[in-house]
Amino acid sequence: MKYIIYHLWIISLLFPLGMQAKVRLTSIWGDNMVLQQQSEVTFHGKASANSKITIEASWNHRKLTTRSDQHGNWNIQLPTPAAGGPYTITFSDGEALTLNNILLGEVWFCSSQSNMEMPVRGFRGQPVYGSQPYIVAADSKRELRLFTVKRDWSTTPKEEGITGYWSELSPKEVGDFSATAYFFGDLLQRSLDIPVGLIHCSWSASKIETWMDKETLSQFPEIQLPDIEQIKFDWPAGTPTLLWNAMVNPWKGFPVKGVIWYQGEFNSGGSGKEYATLFSRMITDWREKWGIGDFPFVYVQLPNFEPVDPEPSVEGNGWRWVREGQLKALNLPNTAMAVTIDVGDPFDLHPVDKYDVGHRLALAARKLAYGEKIVGMGPLYKKMSVKGNKIILEFTNQGKKLVMGTSPYIPAGKPPHPKPTKLTGFGIAGADRKFVWADAVIEGNKVIVSSSEVAV
């Protein structure tokens, strides 16, 4: 009996060593993933200390080698060719680990708070318009893959520890995935006709500060950084740095084509004026951290919410200042904005129309990132002039002509937005700076604004 126990003890010591010898990868790498085409992908993981590791991709069968350090850490860069697949990638330090069903194409990182997090099936009691046909028709053969990052937070930057997995399409996976991100990816993949991978990384009620790193936020003395020794927070999604550290930082070696972003609601509680500085700095910081240049950053300008004020105001509420900050971010290179002021809900923080939001993000990405000759954004103010008692407004991004209406892209099962009967949302004031809601009409490619209450 002692002899048997002794040998079992020896085996129990050897078995973990054998398990540790196999190359290990963090969960951002896995079967069914999409890698950015024509890029340098930096794989990293664990193995036995000081061991030789080979990597071989089936698209060219060339063997690359690296060596782990004394702690077993290793990394290696793998160049990817043009879109295609499926492929395999095999890692080995004597024992092989193979990732299967890999596609090469376009990868987009989709992040922010609850309106990005809202799934295709909707929240409880809040269905997403037109979602059922997309859930039912989910097809695993489509070249569209999904990854959802599980909620996590940390007071210090993590290099690994992401919880999630890459999946092919299925009714369950589509139903549980971000609606805004899915409609974006669905339309993008159909137009490009190549593989698309979507990484969804959101947390409801999150403030922009929690998606930024400590070094950047230290430049803002008014922002209180968390104690790195703290182990509990009442509001992790509202605490600076926590979500960047745990949910975004581990992705830095994973090349992406670009980012889509839908956030700002929980930065509107105060004045909202600080959002312009924070948002632009966050975009710049993410690009610096990823180290792949000024990648396309496409974002949603907040939709309408809360009833219309009886009188227009120069100051307004925090939502207006957040929208202003989002508009100013267009001054950064390689940015685009999806205007959604017409598809929100005055009484619901989570508008149920996510199709139009995703579609507008896809249009913006197609123009910005892929150079398609389309109108990628809605009209933006260009200049004004005064003629008599009227103000004449001119715009950019207006296409052939300005029209009054709603999106013509109505998927099956989605009720259209009521077609407006007149232009609204224009305020006007005279020398006294007292604003009133104005009458507005389209004439050609200009909007003529006036009011009987104001002598211009």
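1. Two strands are said to pair if DSSP finds at least two bridges between them, and the strands themselves (E, at least two residues), like the helices (H or I, at least four residues), are DSSP runs numbered from the N terminus. The model is a predicted one, in which local features need pLDDT of at least 70 and side-chain atom pairs count only at pLDDT 80 or more, while totals for chains, interfaces and linings use all residues. Residues are numbered from 1 along each chain as its sequence is written, and side-chain values use heavy atoms, with hydrogens and water left out.

2. Because 4 of the 5 residues of β9 are buried (under 20% relative accessible area, where exposed means over 50% and partly exposed lies in between, with a 1.4 Å probe and protein chains only), the strand is largely enclosed by the rest of the structure.

3. Strand β8 (residues 96–112) deserves a careful look, since it is mostly covered, with 13 of its 17 residues buried. Which strands does β8 pair with in the parallel sense? One of them is strand β2 (residues 34–36), through 3 bridges, and in this pairing valine 34 stands opposite leucine 103 in β8. Another is strand β11 (residues 196–202), joined to β8 by 7 bridges, where serine 202 of β11 is the bridge partner of serine 112. Strand β12 (residues 258–262) also pairs with β8 in the parallel sense, over 5 bridges, and phenylalanine 109 stands opposite valine 259 in β12.

4. The pairing of β8 with strand β7 (residues 84–92) has the antiparallel sense, and 6 bridges join the two. Within this pairing glycine 84 stands opposite leucine 104 in β8. The hairpin of β7 and β8 has 3 residues between the strands, and in it glycine 94 takes a positive phi near 120°. As background for these pairings, strands of a sheet pair through backbone hydrogen bonds, either parallel or antiparallel.

5. An open sheet of 3 strands has the order β1-β3-β6, with antiparallel pairing. Its edge strands are β1 (24–25) and β6 (73–79), each of which pairs on one side only. Between β1 and strand β3 (residues 40–46) there are 2 bridges in the antiparallel sense, and leucine 25 stands opposite glycine 45 in β3.

6. A further open sheet is formed by 4 strands in the order β15-β16-β20-β19, again with antiparallel pairing. Strands β15 and β19 (439–443) stand at the edges with a single partner strand each, so one side of each is left without a neighbour in the sheet. The twist averages 25° from one strand to the next, where axes are lines fitted to C-alpha atoms (for helices over the stretch in contact) and angles run from 0 to 180 degrees between N-to-C directions. Inside this sheet, strand β16 (residues 390–396) and strand β20 (residues 446–450) pair over 4 bridges, and valine 447 in β20 is the bridge partner of leucine 393.

7. Valine 386 is found in strand β15 (residues 380–387), and together with Tyr381 and Met384 it forms a nonpolar patch on the surface, with about 310 Å² of accessible area in total. Patches are made of residues with over 30% relative accessible area and no salt bridge, like charges being joined within 9 Å and nonpolar side chains (Val, Leu, Ile, Met, Phe, Trp, Tyr) within 5 Å. Here a salt bridge is a side-chain nitrogen of Lys or Arg within 4 Å of a carboxyl oxygen of Asp or Glu, and accessible areas come from the Shrake-Rupley method with a 1.4 Å probe, only the protein chains shown counting as cover for residues.

8. Helix α8 (residues 275–290) has 16 residues and reaches 22 Å from its first C-alpha to its last, close to the 22 Å expected. Its buried residues include Trp286 and Trp290, and the helix is followed by glycine 291, whose phi is positive, near 70°.

Methods:
Expected span 1.5 Å × (residues − 1).
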